[in-house]
Amino acid sequence: MIDSLKKEAGGFGARIVAVSKTKPEEAILDLYNKGQRLFGENRVQELTQKYDSLPKDIEWHMIGSLQKNKVKYIAPFVDLIHSVDSTSLLERIDKEANKNNRKISVLLQLKISEEGTKAGMSIDEATTICESTASLPHIIIKGLMGMASFTHDQEIVQTEFKSLSKSFTHLKESYFQDDSNFSELSMGMSGDYKLALKEGATLLRIGSLLFGSRY
Ligand SMILES: *Cc1c(COP(=O)(O)O)cnc(C)c1O
C-alpha cells in the first residue's frame, strides 16, 4: 500500500504523512523498514513517547489540536506542526522554539468546513499573521492545513479543498513571494486524498489506509 500510494502522490509532487495515532510502535517500524520516514500524531503524549523510543531519523509531524501548555513537550524535536489554529498558540510556539534554540516550522490551519467541530482559524486571522511574521523570529510558516467536511458528497469536499488552495495561492502571492518556505498545503486523508491531490495538496495525512481502521 505505502509504495503505490507514494507513487500516486509523487506523481503530483506530494508526500505522505503516515498518521500512526493509536497504532503500536511495531506498526510504525513496519512502514519505517519499507522506507517511510514521515509520521504524524495527534496527541502530545503519544508523540513524545514514540519519538523517544523510535529511530531518530523519523520526521515527526503534529497534526492534532494542540494546547498551549503542552507545546513545551514537543518543541525540542517536532519537525512540523500542522494544526496552528490561533495567534496565541503561534506566539507560544515561538517562545518555546526560542528556549530550545531552534526554529519551528508550522502550518496555519484554516477552517474550511461548515461543521462546527472542525478546528481552524479564519482567513482574516491567517492574513494578519502573515502580515506580521517579523514578530515571530523562531517560527517558519510553511503553508496551510485544512480538513474537509466528513461527508460522502464529493462536491462539498472539492469546494472546500478549492477554497483552501485559493487561500494558499493568495497568501503566497501577497506575503511570501520571496520566501520559498511557504510551499506546503496539507489536505486530504484516507477518504479524500485523490481530490486533495487534484486540488494541489503537497502533504497527504493518511492513517487508516496504511494502518487499517482504528476501531
Ligand atoms: C486521524 C487524522 C488523519 C488521518 O485520518 P484517516 O482517515 O485515518 O486517513 C488526518 N488528519 C488528522 C488531523 C487526523 O486527526
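**Salt bridges and a buried serine**

User: Hi! Quick one to start: is E96 buried or exposed?

Analyst: E96 is buried, at 7% relative accessibility. Buried stands for under 20% relative accessible area, exposed for over 50%, and partly exposed for anything in between, using a 1.4 Å probe and protein chains only.

User: What should I know about the model itself?

Analyst: It is a predicted model, so local features need pLDDT of at least 70 and side-chain atom pairs count only at pLDDT 80 or more, while totals for chains, interfaces and linings use all residues. Residues are numbered from 1 along each chain as its sequence is written, and side-chain values use heavy atoms, leaving out hydrogens and water.

User: Thanks. Which residue forms a salt bridge with E96?

Analyst: That's K99, with the closest N and O atoms 3.3 Å apart. A salt bridge here is a side-chain nitrogen of Lys or Arg within 4 Å of a carboxyl oxygen of Asp or Glu. K99 and E96 are three residues apart in helix 5 (residues 87-99), which means about one helical turn separates them. K99 itself is exposed, with a relative accessible area of 59%.

User: How many salt bridges does the structure hold?

Analyst: Seven. One of them joins the side chains of K194 and E8, at 2.7 Å from N to O. That pair links distant parts of the chain: K194 sits in helix 8 (residues 193-198) and E8 in helix 1 (residues 2-10), 186 residues apart. K194 counts as exposed at 52% relative accessibility, and E8 as partly exposed at 26%.

User: Which residues are linked in a network of salt bridges?

Analyst: E41, E46 and K50. Within it, the side chains of E46 and K50 meet at 2.8 Å, N to O. These two are four residues apart in helix 3 (residues 44-53), so they are separated by about one helical turn.

User: And are E46 and K50 buried or exposed?

Analyst: Both E46 and K50 are buried. In helix 3, V44, L47 and T48 are buried as well. The buried residues of that helix pack against helix 2, strand 2 (38-41), strand 3 (59-62) and helix 4 (71-74).

User: Changing topic: where is S20?

Analyst: S20 lies in the loop between strand 1 (15-19) and helix 2 (25-33). It is buried, with a relative accessible area of 0%. Leaving aside neighbours within four places in sequence, S20 is in contact (heavy atoms within 4.5 Å) with I28, F39, G40, E41, E46, K50, W60 and F211.

User: Nice, E41, E46 and K50 again. What does the secondary structure come to overall?

Analyst: Nine helices and eight strands. These are DSSP runs numbered from the N terminus: helices are H or I with at least four residues, strands are E with at least two. The radius of gyration is 16 Å, close to the 17 Å from the globule rule for 215 residues, so the protein is as compact as a globular protein of that length. That radius is taken over C-alpha atoms, and the rule is 2.2 Å times the number of residues to the power 0.38.

User: What share of the residues is buried?

Analyst: Buried residues make up 49% of the 215. Also, among contacts between residues at least 6 apart in sequence, 57% join residues at least 24 apart.
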